[in-house]
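Hello,

Here is the structure I promised to pass on to you. Have a look at it first, and then read on for what turned up in it.

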Amino acid sequence: QVQLLESGGGLVQPGGSLRLSCASSGRTFSIYNMGWFRQAPGKEREFVARINWSTGSTWHADAVKGRFAVSRDNTKNTVYLQMNSLKPEDTAVYYCAADRDGRGPGLSVAGYDYWGQGTQVTVSS
């Protein structure tokens with residue numbers, strides 16, 4: 001169906017920046033929204049940002065507004081998450097997800113049908 005592969009994670013100092021990428025393959029023409037989620041140890045997976053595949057309209061969680069920005073390059077079937085002014089509390093595994101119909105909750109895990117394996121982001125001195 002759809003395969004997703006995240007990359008770009010790593011170790012960064014507080015205040016630094018990282019750019020995550022999510023390359024998609026397979027039936028990418030069926031994707032409605034692409035989302036970014038994160039999960040820290042001992043916590044539930046939480047919504048970070050989403051982008052509509054066709055229009056490019058975006059939505060960002062309150063915790064990352066003004067610091068993170070989701071974007072896409074549909075010629076490359078790739079979505080990005082630019083992360084600036086990183087804080088230690090941003091440390092988590094970041095997951096890319098695809099929503100095939102846009103009918104579920106777009107800001108929730110339940111609204112997405114395909115998931116990548118995640119990439120680790122660690123913000124520390």
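Is Phe-37 buried or exposed? Phe-37 counts as buried, because its relative accessibility is 0%. Please keep in mind as you read that this is a predicted model.

**The aromatic residues**

Searching the whole structure gives four aromatic pairs. In one of them, the ring centres of Phe-37 and Phe-47 are 5.7 Å apart and the planes meet at 75 degrees, so this pair is edge-to-face. Phe-37 belongs to strand β4 (residues 33-39) and Phe-47 to strand β5, so the pair ties together parts that are ten residues apart in sequence. Phe-47 has a relative accessible area of 11% and is buried too.

Phe-37 also pairs with Trp-115: here the centres are 5.1 Å apart and the planes are at 55 degrees, so the pair is tilted. Since Trp-115 is in strand β10 (residues 114-115) and Phe-37 is in β4, this contact ties together parts that lie 78 residues apart in sequence. Trp-115 has 27% relative accessibility and therefore counts as partly exposed. Together with Tyr-112, the residues Phe-37, Phe-47 and Trp-115 make up one aromatic cluster.

Two charged side chains are worth a look as well. Arg-45 is placed over the face of Trp-115, 5.0 Å from the centre of the ring. Elsewhere, the ring of Trp-59 has the charged end of Lys-65 over it, at 5.5 Å from the ring centre.

As a general point, nonpolar side chains in soluble globular proteins tend to be buried together. In this model the largest nonpolar core has 33 residues, and those touching the most other members are Met-34, Trp-36, Leu-81, Met-83 and Tyr-94. At least two residues of this core come from each of β1 (2-7), β3 (18-26), β4, β5, β7 (68-73), β8 (78-83), β9 and β11. Strand β9 gives the largest share, with five residues.

Setting aside neighbours within four places in sequence, its contacts include Phe-37, Leu-81, Met-83 and Val-121, along with Glu-6 and Arg-38.

**Strand β11 and its partners**

In a regular strand, side chains alternate between the two faces of the sheet. Strand β11 (residues 119-123) has Thr-119, Val-121 and Val-123 on a covered face, while Gln-120 and Thr-122 are on an uncovered one. Strand β2 (residues 10-12) runs parallel to β11 and is joined to it by three bridges. Gly-10 has Val-121 as its bridge partner in β11. Strand β9 (residues 92-99) pairs with β11 as well, in the antiparallel sense and over three bridges. Opposite Gln-120 of β11 stands Val-93.

Strand β5 holds both Ile-51 and Asn-52, and spans residues 46-52. Ile-51 counts as buried, because its relative accessibility is 3%. Apart from neighbours within four places in sequence, Ile-51 is in contact with residues including Tyr-32, Met-34, Gly-56, Val-70 and Val-79. Between the C-alpha atoms of Ile-51 and Arg-19 the separation is 16 Å, and these two residues are 32 apart along the chain.

What about Asn-52, buried or exposed? Asn-52 is buried, as its relative accessible area is 9%. A polar atom of the Asn-52 side chain lies 3.0 Å from the backbone nitrogen of Ser-54. Not counting residues up to four places away in sequence, Asn-52 touches Tyr-32, Asn-33, Ser-57 and Arg-72.

With residues up to four places away in sequence left out, Thr-28 touches Trp-53 and Asn-77.

Enjoy looking through it, and do write back with any thoughts.

Best wishes

Technical notes:
Residues are numbered from 1 along each chain as its sequence is written. This is a predicted model: local features need pLDDT of at least 70, side-chain atom pairs count only at pLDDT 80 or more; totals for chains, interfaces and linings use all residues. Side-chain values use heavy atoms; hydrogens and water are left out. Helices (H or I, at least four residues) and strands (E, at least two) are DSSP runs, numbered from the N terminus. Buried means under 20% relative accessible area, exposed over 50%, partly exposed in between (1.4 Å probe, protein chains only). A polar contact is a pair of N or O atoms within 3.5 Å; within protein, one must be able to donate a hydrogen and the other to accept it, and residues adjacent in sequence count only if both atoms are side-chain atoms. Contact means heavy atoms within 4.5 Å. Rings of Phe, Tyr and Trp (its six-membered ring) pair if their centres lie within 6.5 Å; planes under 30 degrees apart count as stacked, over 60 as edge-to-face and the rest as tilted. A charge sits over a ring if NZ of Lys or CZ of Arg is within 6 Å of the ring centre and within 35 degrees of the ring normal. Two strands pair if DSSP finds at least two bridges between them. A nonpolar core is a set of buried Ala, Val, Leu, Ile, Met, Phe, Trp, Tyr and Cys residues joined through side-chain atoms within 4.5 Å.
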